[in-house]
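Let's take a friendly walk through the aromatic rings of this structure.

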Amino acid sequence: MFLYRCILILCLAGAATEPMAATVAPSGRDRATDLYKKGEQCMLEGRLDDAERCFADAIGANRKYAAPYLQLAVLHRLRQNRELARQQYLQLLAEVPEERYAMAGLAEVYYEEKAWEDALAWALRARELDVPHMDAIIGMSYASLDHAAESIRALERSLAEDPLQPMICKTLARLYAQEENYGAALRIYEKALKADSTSADLYLESGMMHFNMENYKNAAGAFEMAARYGTSGDADLYVNLGTAYLQQAAYDNAIQNFKKALQLRSSDIRIMQQLAHAYFKQQNYVQAAMQWNRILVLQPQNAFAMFMLGKSYICSGEVVKGQSICDQAMQLH
């Protein structure tokens, strides 16, 4: 007897799974075994057509021998022919109903096709038979089917089995964030950043978790790292960074980032309001008034902007003018 390992390495949501586990070959040096070993050698040499013939002949010589079915399915998947791979797995299960690696292969094929329910069903069966790495498919399939709690449990098990799975980490963290469990989300983001310390997305999303937990200093630090590793044209990133600094009363830094965001989206009222508010908090009432005026050019009936314009004039010493504008704003309500 000898141990067989598939050569396939699958990319599951950005994380490679390990090769398939061992399958027992027929006893003795029979024809099926020899054909299978010849097919393996052909695969290693890159002679895929010859390998396909050898595996098919091995199946013909012994229809209960699992290894050539599995390797033939691998070969079809390498050629991006999932339908033929699926047929091989199903043919094997018709001969050997409890062949767990055929179940795992079907789960992977259906997952690649985004057939989440079928992927989930086969992965659950394979996991019951102790096939490793099925929790990644189970968790990701549950996530795609909007079953957050089940997905979280499976993805946590998957990370316990293999922590170096960036896409699994990102999905799990987002699920925790969706459930408003920001502490748990942050724990996963920090784990993901240990594996990928240059991911702008991870820094940005971890920054949002810090922000939601009112850890504004840490949020600003994460947003700064996102800016370092991200694109220079991301206005939302500068808005987030500016807001984190604003919450810390670091007005110069807040203003600098809101200006960067406004350069990228010059007519964005939300950014203009944030910039005007930062100037007002900084007690730079002249600049605040200029910003509120710019907003009113675009939205003449914006009562809030008009009221803040009046307050800015009052605080800058133009009390009568400011009170008049505030009165106009109150009439708009």
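This is a predicted model: local features need pLDDT of at least 70, side-chain atom pairs count only at pLDDT 80 or more; totals for chains, interfaces and linings use all residues.

Tyr-229 has a relative accessibility of 35%, so it counts as partly exposed. The rings of Tyr-203 and Tyr-229 are stacked, with 6.0 Å from centre to centre and 15 degrees between the planes. They count as stacked because planes under 30 degrees apart fall in that class. Where do these two residues lie? Tyr-203 is found in helix 11 (residues 200-212) and Tyr-229 in helix 12 (residues 216-229), so their pairing ties together parts that are 26 residues apart in sequence.

How many aromatic pairs are there? The count comes to seven. One of them joins Tyr-111 and Trp-116, and this pair is edge-to-face: the centres are 5.4 Å apart and the planes make an angle of 70 degrees. Are these two residues buried or exposed? With a relative accessibility of 11%, Tyr-111 counts as buried. Trp-116, at 21%, counts as partly exposed, because buried means under 20%.

Rings can also join up in a cluster. Here, ring pairs link Tyr-36, Phe-55 and Tyr-65 in this way.

Which residue has its charged end over the ring of Tyr-313? That residue is Lys-321, whose charged end sits 4.2 Å from the centre of the Tyr-313 ring.

Technical notes. Residues are numbered from 1 along each chain as its sequence is written. Side-chain values use heavy atoms; hydrogens and water are left out. Rings of Phe, Tyr and Trp (its six-membered ring) pair if their centres lie within 6.5 Å; planes under 30 degrees apart count as stacked, over 60 as edge-to-face and the rest as tilted. Buried means under 20% relative accessible area, exposed over 50%, partly exposed in between (1.4 Å probe, protein chains only). Helices (H or I, at least four residues) and strands (E, at least two) are DSSP runs, numbered from the N terminus. A charge sits over a ring if NZ of Lys or CZ of Arg is within 6 Å of the ring centre and within 35 degrees of the ring normal.
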